[in-house]
Amino acid sequence: MTHSLELAGESVVFHPWGGLFWPAASTLMLSDLHLGKVMHFRKHGAAVPRAAIRRNFDRLEAIRRHFEPRTLCFLGDLFHSHINREWQLFSDWAGACTSRMQLVVGNHDVISPLRYEALDIELYDSLEAGPFTLTHHPEAAAGRFNIAGHIHPAVRLGGAGRQTLRLPCFHLKTNQLILPAFGAFTGTHALDPEPGDRFFALTGDAVVPLEAAISGTPTKSSKS
């Protein structure tokens, strides 16, 4: 179940897997896929199930088919590190992708730009689109609304006693939105809420609006 919201005068849609769709521009934004990370860890002896590799690509193609965007914009850390066997899977997927593809380069994107250009993927340090400035690292953008990734944001929800639950989330501030990591094998960073912050927690099949309570624990919001 998606969730619609207005940002900087534009209607956008939050997807429960962490994608952001901007209908007016037919643009789907995804951040921090970290493709290749599973193979990287397996190479160094970690017992990561090989099925985790397929899950990333299945989710990527499923969300693309759901929105059918003209443009697919990756907000950095598309590939985790240097080329490994997952690059061929990505290359095959990209070759069949019918959307225009853009990559706002992140700190993990160390593969040669020539490799991406061979797949018709456009590379940017940052990108301005409508009222939005798209970056990998969150940045202040004077007079504009910043959409970024990098942080892998999550919220802690308190339950009975001392029970807590950590969920990935969209983190919305006055002039900035930080996207959750889309990759299936990525960590999260639990945020300390500040007054005015809004969170949209992801349960896997729903987007749950939250707001920062005075105590610092996010609570379910009655808004939107």
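This is a predicted model: local features need pLDDT of at least 70, side-chain atom pairs count only at pLDDT 80 or more; totals for chains, interfaces and linings use all residues.
Local features were taken at pLDDT of at least 70 and side-chain atom pairs at pLDDT 80 or more, whereas totals for chains, interfaces and linings use all residues. Residues are numbered from 1 along each chain as its sequence is written, and side-chain values use heavy atoms, with hydrogens and water left out.

Seven strands form an open sheet. Their order is E1-E2-E3-E4-E5-E6-E7, and the pairing is mixed. Strands are DSSP runs of E with at least two residues, and helices are runs of H or I with at least four, both numbered from the N terminus. Two strands pair if DSSP finds at least two bridges between them. Strand E1 (3–7) and strand E7 (121–124) are the edges, each pairing on one side only. Neighbouring strands of this sheet are turned against each other by 25° on average, direction ignored. The axes behind this angle are lines fitted to C-alpha atoms, for helices over the stretch in contact, and angles between N-to-C directions run from 0 to 180 degrees. Strand E6 (residues 100–104) runs parallel to E7, and four bridges join the two. Val 104 stands opposite Tyr 124 in E7.

The structure holds nine aromatic pairs. Rings of Phe, Tyr and Trp (its six-membered ring) pair if their centres lie within 6.5 Å; planes under 30 degrees apart count as stacked, over 60 as edge-to-face and the rest as tilted. The pair of Phe 14 and Phe 170 is stacked, because the ring centres are 4.2 Å apart and the planes lie at 10°. This pair links distant parts of the chain, 156 residues apart: Phe 14 belongs to strand E2 (residues 10–14) and Phe 170 to strand E12 (residues 164–173). Phe 14 is buried at a relative accessible area of 0%. Phe 170 is also buried, at 0%. Buried here means under 20% relative accessible area, exposed over 50%, and partly exposed in between (1.4 Å probe, protein chains only).

Phe 21 and Phe 67 form another stacked pair, with 4.6 Å centre to centre and 25° between the planes. Phe 21 lies in strand E3 (residues 20–22) and Phe 67 in helix H2 (residues 51–67), 46 residues apart. Phe 79, Trp 87, Phe 90, Trp 93 and Tyr 116 form one aromatic cluster. Arg 59 lies over the face of Phe 182, at 4.7 Å from the ring centre.

The count of disulfides (cysteine sulfur atoms within 2.5 Å) is zero. Cys 73 is buried at 0% relative accessibility. Cys 97 is buried at 13%.

Definitions and conventions. A charge sits over a ring if NZ of Lys or CZ of Arg is within 6 Å of the ring centre and within 35 degrees of the ring normal.
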